[in-house]
Amino acid sequence: MRLIADSGSTKVDWRAIASDGTVVSVSTEGINPVFQSEDHIVEILQKFLFPVLGAEVREIFFYGAGVISEATCNVLERAFKRVFSNPECSFASDVLGAARALCGDNPGIACIMGTGSNTCFYDGKDIVKNVKACGFILGDEGSGGVLGKNFIADYLKGLLPEHIESEFRKRYALDYASVVEKVYKSPLPSRFLASFSPFINEFREDPHINAMLSRCFRDFFTRNIWQYDYRNYKVNLVGSVAYYYSDILDKVAVECGATLGIIMKNPIEGLVEYHKNR
């Protein structure tokens, strides 16, 4: 059995391909070896994945935001081998996964816009240019984490329109201290901040929220996409933010001289097709 994983900070989409071509789908909480220990990752695998798949996993292709060094790959490999029967493991960044899902064997600009964001130029085989994502504090422009960061900052500073602030208070029991605790002391603050994206989306037509969204997406293009050959290649996007805000993104892209191409909510089905052909 071959196991393919697309892992973000919020969730992992898994697809197990049996020898007869049957595909089994599983979702678990996000896995990121930068923030999570080996034991925590093993706990996730044992609780949610092993009961469905058993031990007969021979190959694992893991694409994830935390695949950034040999050390993080070693954490993942040890965790997988503690749960499954000594599988052959292959690790790659989530941005390469996005590029393979969106572009297959063709060159293009491939981007992630989910809890975090990342971009690259892909030559049909490898990533040949990557503007560093830098995380939600230094970068991640256009991501759910950054949308949430801007929204929560406006909330805490009293800058939201009164009707939006009132509705937010009704739904979320959050004061200044609890927000600071979540953002500065929790292991995955970007996940917390991105969790407000659905609420933001409800008020997307409000002038204040629409201006905030447009500003965040404009930063995504000017600070990332403009460093690629965006006039000759379309900008392909994957992720929940790209999917749900595609109309605003398209408008901002035109303003920035770019053209959107394929937009996917999740890359996993594209990755299944990519690996089925190999």
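Predicted model: local features only at pLDDT ≥ 70, side-chain atom pairs only at ≥ 80, totals over all residues.
**Entry 1**

I then looked up the pairing itself: strand E2 (residues 11-17) and strand E3 (residues 23-29) run antiparallel and are joined by seven bridges. Arg15 has Ser25 in E3 as its bridge partner, and Ala16 stands opposite Val24 in E3.

I also checked the cover of E2. Six of the seven residues of E2 are buried, and I recorded the strand as mostly covered.

I followed the pairing of strand E1 on both sides. Strand E1 (residues 2-7) pairs with E2 in the antiparallel sense over six bridges, and Ile4 stands opposite Arg15 in E2. With strand E4 (residues 59-64), E1 pairs in the parallel sense, over six bridges. There I noted Leu3, whose bridge partner in E4 is Ile60.

Next I looked up the helices on this sheet.

**Entry 1**

I turned to the open sheet of five strands with the order E8-E7-E6-E9-E10, in which the pairing is mixed. Its edge strands are strand E8 (127-129) and strand E10 (260-264), each of which pairs on one side only. Neighbouring strands of this sheet are turned by 35° against each other on average, direction ignored.

Within this sheet I examined strand E6 (residues 108-113) and strand E7 (residues 117-122), which pair in the antiparallel sense over six bridges. Ile112 stands opposite Asn118 in E7. Helix H10 (residues 207-223) packs on the sheet and touches E6, E7, strand E9 (235-238) and E10; the direction of H10 makes about 145° with that of E6.

**Entry 2. Salt bridges**

I asked how many salt bridges the structure holds. The count is 14, and I looked up three of them in detail.

In the pair of Lys11 and Asp13, the closest N and O atoms are 3.5 Å apart. Is Asp13 buried or exposed? Asp13 has a relative accessible area of 5%, so I recorded this residue as buried. Lys11 has 37% relative accessibility and therefore counts as partly exposed.

Glu38 forms a salt bridge with Arg78, with 2.8 Å between the closest N and O atoms. This pair links distant parts of the chain: Glu38 lies in helix H1 and Arg78 in helix H2 (residues 70-83), 40 residues apart. I listed Glu38 as buried because its relative accessible area is 19%, under the 20% cut-off. Arg78, at 42%, is partly exposed. I also found that Glu38 and Arg78 belong to a network of salt bridges that links them with Asp39 and Arg82.

Glu167 is partly exposed, with a relative accessible area of 24%, and Arg171 counts as partly exposed at 40%.

**Entry 3. A nonpolar surface patch**

Which residues make the nonpolar patch of about 300 Å²? The patch is made by Val34, Phe35 and Ile68. I located Phe35 in the loop between E3 and helix H1 (38-53). Phe35 has 46% relative accessibility and so counts as partly exposed.

Terms used: Residues numbered from 1 in each chain as written. Heavy atoms only, no water. Pairing = 2+ DSSP bridges. Helix = DSSP H or I, 4+ residues; strand = E, 2+ residues; numbered from the N terminus. Axes fitted to C-alpha atoms, helices over the stretch in contact; angles between N-to-C directions. Contact = heavy atoms within 4.5 Å. Patch = residues over 30% accessible without salt bridge, like charges linked within 9 Å, V, L, I, M, F, W, Y side chains within 5 Å. Areas by Shrake-Rupley, 256 points an atom, 1.4 Å probe, with all protein chains shown as cover. Salt bridge = Lys/Arg side-chain N within 4 Å of Asp/Glu carboxyl O. Buried < 20%, exposed > 50% of the residue type's maximum accessible area, 1.4 Å probe, protein only.
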